[in-house]
Amino acid sequence: MARRPSVDGVIAALLFAGTVSWMLAVEGAQGIGRDEAQYFRASEHYWGWFEELGANIKQGHAGRSFTRVGLDAYWGDNHEHPPMMKILYALSWRAFHRCECQAERGYHFIPVTSKHRTIPLFKRDTTAFRFPAMLFAGLLAVLVFLFTRRWVGRAPAAVAGVLAIAQPHYFFHAQIACFDAPITTMAVVVGFAYWKSLRSPRWGILCGLLFGVALATKHNAWLMPFFLGGHYLWMRRGDLLRLRPPRVPLAFVSMATIGPVVLLALWPWLWPAPVSRAREYVQRHLQHEHYHFEYLGVNWGGPPKDTDLKLLRATFPFVSTALTVPATTLVLAAIGGVVLARRRRRRPGDAADVLLPDDPLAPKGSWTRPGADVDRAPGAFLAVQIFGPMMVLAIPAA
């Protein structure tokens, strides 16, 4: 007998479908920015490699696609950014665009020899490119709902999922073929996996795999272990107070070992020279030029040198957040944060998430289940996930 879907599962599915439908309904009004145009071009080049690989396999010469020349001809485009989203944009474009490629030959970056067979879901090529970003937005709404359901009822959890999407800055980016909205979703994905790994070894392994996918999404992922590490040290602060080094969680071992392997597997540009090209990628972003932006009447084209300007620049992420995130969302987030921070005692139904330190009923902790014997401190977890990236942006030289 088939298992009936749970109420939470139905709500999660509705949130996902509603978010994607919402994005598709309004997409197209914002135009195409410089970065997105580059990613369209790179995505089409990446698809060209898959197309050529298929042709080479048919001819019995698959190895040609894996030579340095064969890889760089396609994957060298926009190699300063990792490839996963561009690959997804390419696959979505190839599968769902309405093909007029021969008539538009001059707009394409790979040879078009015949009409593509596609599932023509979208009238515009740009919508087909952007569709995966919208799917990531739907996933974010689902994850926020499922995580929030651990502490509140279905209605407020569903509202949390909607409010996560209904932030103007995120809402804009979730409709375009860039990396900002997907990496936001991946931060929640990796954070959720880490959270579950505190009680589950299986999730400790999955955390490393998902972290590798995050690394292949955008370079922001480099910072994720630091934020999660801050939460872990807070959660194990009892060990630190006793001058007893806390055990290293399986999730961090997995992120440090499996994560880079997944990144390498997903990024063909690295394959000819993994070490030197990884170094080039890291150096590119460590020495990245500063983009101009205006804040409180000052054009910030580079790191400020005067102390007063450094202090002013450090307020940027906090003031901008206060002015761009809807007041309803900010107020509800503040109330929720206070409630979680003030939690002290275990309540009925919370046993899976809340344990008092040294609780005699608590299971023994281990490096594979490092949070099995303590309260997982959800307030601290959310605090480092929210304020950690903002603190990085507050560094005047960032």
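Modeller: Gladly. Let us begin with L332, which is partly exposed because its relative accessible area is 45%, a value that falls between the limits of 20% for buried and 50% for exposed. Please keep in mind that this is a predicted model.

Colleague: Where does L332 lie?

Modeller: L332 lies in helix α16. Together with V159, V331, I335 and V339, L332 makes a nonpolar surface patch of about 430 Å². Helix α16, residues 327-341, provides the largest share of that patch, namely 4 residues.

Colleague: How many helices and strands does the protein chain have?

Modeller: The protein chain has 17 helices and 2 strands. It has 398 residues, of which 42% count as buried. The accessible surface of the chain comes to about 20,900 Å², and 66% of this belongs to carbon and sulfur atoms.

Colleague: Now to helix packing. At what angle do α1 and α5 pack?

Modeller: Two packed helices are described by the angle between their axes and the distance between the axes. Here helix α1 (residues 7-26) and helix α5 (residues 125-148) pack at about 145°, and their axes are 8 Å apart. The crossing of α1 and α5 is right-handed. Residues making the contact include I11, L15 and F16 of α1, and F131, M134 and L135 of α5.

Colleague: Changing topic: how many salt bridges are found in the whole structure?

Modeller: The search finds 12 salt bridges. One of them joins R130 and E36, whose closest N and O atoms are 2.6 Å apart. R130 lies in helix α5 and E36 in helix α2, so the pair ties together parts that are 94 residues apart in sequence.

Colleague: Are R130 and E36 buried or exposed?

Modeller: Both R130 and E36 are buried. They also belong to a network of salt bridges that links E27, E36, R124 and R130.

Colleague: Which residue meets R277 in a salt bridge?

Modeller: The side chain of R277 meets that of D72, at 2.8 Å from N to O. This pair links distant parts of the chain, since R277 is in helix α13 and D72 is in helix α3, 205 residues apart. R277 is buried, with a relative accessible area of 7%, whereas D72 counts as partly exposed at 27%.

Colleague: And which residues does H285 touch?

Modeller: H285 is found in helix α13. Leaving aside residues up to four places away in sequence, H285 touches E80, H81, H219 and W222. H285 counts as buried because its relative accessible area is 12%, and the limit for buried is under 20%.

Colleague: One last topic: which value of phi does N78 have?

Modeller: N78 has a positive phi of about 55°, although it is not a glycine. N78 is placed in the loop between α3 and α4. At 5% relative accessibility, N78 counts as buried.

Colleague: What about L243, is it buried or exposed?

Modeller: L243 counts as exposed, at 78% relative accessibility. L243 sits in the loop between α11 and α12, and its phi is also positive, near 55°.

How values were computed: Residues numbered from 1 in each chain as written. Predicted model: local features only at pLDDT ≥ 70, side-chain atom pairs only at ≥ 80, totals over all residues. Heavy atoms only, no water. Patch = residues over 30% accessible without salt bridge, like charges linked within 9 Å, V, L, I, M, F, W, Y side chains within 5 Å. Areas by Shrake-Rupley, 256 points an atom, 1.4 Å probe, with all protein chains shown as cover. Salt bridge = Lys/Arg side-chain N within 4 Å of Asp/Glu carboxyl O. Buried < 20%, exposed > 50% of the residue type's maximum accessible area, 1.4 Å probe, protein only. Axes fitted to C-alpha atoms, helices over the stretch in contact; angles between N-to-C directions. Left-handed = near helix turned anticlockwise from the far one by under 90°. Contact = heavy atoms within 4.5 Å.
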